[in-house]
Amino acid sequence: MNGLVDLHCHGALGHEFGHDAEGSAAAVAHHRSAGVGSVVASLVSARPDTLVGQVATLAPLVAAGTLAGIHLEGPFLSEERRGAHDPSVLTDPDLALVESLVTTCAEAGAPNALVQWTFAPERPGSGELVAALARHGILPAVGHTDASADVISAALASIADACGRPPLVTHLFNGMPPFHHRAGGPVAAALAAAARGDCVVELITDGVHVGTEVVRMVFETVGPEHVALVSDAMAATGLGDGAFEIGPLEVEVSGGVARLADGGSGRGSIAGSTSTLAECVRWAVEVAGVAEADALTAATTTPAAVLAS
C-alpha cells in the first residue's frame, strides 16, 4: 500500500504533531513504515501562541519533505460539535492568526506549508476567513459544524468560487449533527455536493467512526474520486491501550478506541483514531466491502489531487 496520502493525521507513538520536531518526525516515520507515503500533520484547536509555536516546529519538516503539509483543525469550530477540541479555545475566525501562521511558515522556508484549515461556517466572519485562506492558497474545509444544510451548501459554493477548486468536508458524519430525513444538515449538503463533484468528503474508515453500510453508501453515492480516506490518527497510534492526551484534554484508549476521559469537556467524545491510513484502507475493503480499487483511489489519487491543486 505504498503511496497512500493521509490528509488528516494528528500523530503516533505517543507524539502529537507540533509538540517537538523529533517526536513529530518519529510519528511520521511510524505512518510511513505502515505504507503511508505522504502525511499532513493536523493540529487541534489551541490558543494562537500555541498554534504559532506548533507551526514553527512543523514547517521545517514540510520544507524538508518529511511532511506533506499542515492542517489546522480549528479553532474556528462549533462548540456544539467540538468533539475532542478544548471548548475554552474555540473562537470566531481571526484573520490575524491566519497571517501570523502564514508568516511563520514563510520564515521557516515553507511558504506553502499550510494546506487546509477546518472551520464551522456558521461562525461570524467565516466569509472573510474563506477569502483570506484563498489568497494564501490554503484550502478551507467545512467541519465540526452545527449549521443547516443551506448554510453548508452556501459555504461550499463560496469556497469553490474563492479557491477555484472543490473544498474539503472534514471527516463526514463526525463533528456534525446526525442526518435526519426532516433535517439533513451538513451530511445531506456534503453528500449532494460531492455527488455533483463540487467537494471532497473525508471519511475515517477505522471501524469506529463510521458504520460499514454507511461507508459503502458514501462510495456508491459519490464515487471514490470525491472521497478522501483519512486516519485522524492520534498520539496513541502504534502503542495500544492506555492514557494519552489530545491537546490539553485527557484521553483513554480502550480496545483500540480513543475517547475523552470521564469528566472531560467533550462528554466522552471519540478523540481521533488509533489506526494508520493503511489499516483504514484494509478495513474499508475487508470489513466494509468497498472495492479495493475504489478504496485505493480514495487513499491515493483523490487526496493527492487535493494537495496538488
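Reader: How are residues numbered, and what pLDDT do local features need?

Author: Residues count from 1 along each chain as its sequence is written, and side-chain values use heavy atoms, with hydrogens and water left out. This is a predicted model, in which totals for chains, interfaces and linings use all residues, side-chain atom pairs count only at pLDDT 80 or more, and local features need pLDDT of at least 70.

Reader: What is the strand order of the open sheet of eight strands?

Author: Helices (H or I, at least four residues) and strands (E, at least two) are DSSP runs, numbered from the N terminus. Two strands pair if DSSP finds at least two bridges between them. The edge strands, each pairing on one side only, are S1 (4–9) and S10 (227–230). With parallel pairing, the order is S1-S4-S5-S6-S7-S8-S9-S10.

Reader: What angle does the direction of helix H4 make with that of S6?

Author: Axes are lines fitted to C-alpha atoms, for helices over the stretch in contact, and angles run from 0 to 180 degrees between N-to-C directions. Contact means heavy atoms within 4.5 Å. Helix H4 (residues 126–135) packs on the sheet, touching S6 and strand S7 (139–142). Its direction and that of S6 make an angle of about 170 degrees.

Reader: Is Ser42 buried or exposed?

Author: Ser42 sits in strand S4 (residues 36–44). Buried means under 20% relative accessible area, exposed over 50%, and partly exposed in between (1.4 Å probe, protein chains only). The relative accessible area of Ser42 is 1%, so Ser42 is buried.

Reader: With which side chain does the side chain of Ser42 make a polar contact?

Author: A polar contact is a pair of N or O atoms within 3.5 Å; within protein, one must be able to donate a hydrogen and the other to accept it, and residues adjacent in sequence count only if both atoms are side-chain atoms. Not counting residues up to four places away in sequence, Ser42 touches several residues, including Leu7, Cys9 and Phe17. Its side-chain polar contact, at 2.8 Å, is with His71.

Reader: Which residues have the most contacts inside the largest nonpolar core?

Author: A nonpolar core is a set of buried Ala, Val, Leu, Ile, Met, Phe, Trp, Tyr and Cys residues joined through side-chain atoms within 4.5 Å. The largest one has 84 residues. Those with the most contacts inside it are Phe17 and Leu229.

Reader: How many residues does the second, separate core have?

Author: This core includes Val44, Ala84, Ile246 and Leu249. Its residues number twelve.

Reader: How many of the residues of H6 are buried?

Author: Helix H6 spans 185–195. Its cover includes helix H5 (149–163), strand S8 (168–169), S9 and helix H7 (212–222). Gly185, Leu191 and Ala194 are among its buried residues. H6 is largely enclosed by the rest of the structure, because the buried ones number eight of the eleven.

Reader: Which residue meets Asp198 in a salt bridge?

Author: A salt bridge is a side-chain nitrogen of Lys or Arg within 4 Å of a carboxyl oxygen of Asp or Glu. Asp198 lies in the loop between helix H6 and strand S9 (200–204). At 37% relative accessibility, Asp198 is partly exposed. Its partner, at 3.0 Å from N to O, is Arg196.

Reader: How far apart in sequence are the parts that Asp146 and Arg81 tie together?

Author: Asp146 forms a salt bridge with Arg81, with the closest N and O atoms 2.8 Å apart. Asp146 lies in the loop between S7 and H5, and Arg81 in the loop between S5 and helix H3 (95–107), so the tied parts are apart in sequence by 65 residues.

Reader: Is Arg123 buried or exposed?

Author: Arg123 forms a salt bridge with Asp92, the closest N and O atoms being 2.9 Å apart. Asp92 is partly exposed, at 31% relative accessibility. Arg123, at 15%, counts as buried.

Reader: Which strand is joined to S11 by five bridges?

Author: An open sheet of three strands has antiparallel pairing and the order S11-S12-S13. Its edge strands are S11 (242–246) and S13 (257–260). The strand joined to S11 by five bridges covers residues 249–254 and is S12.
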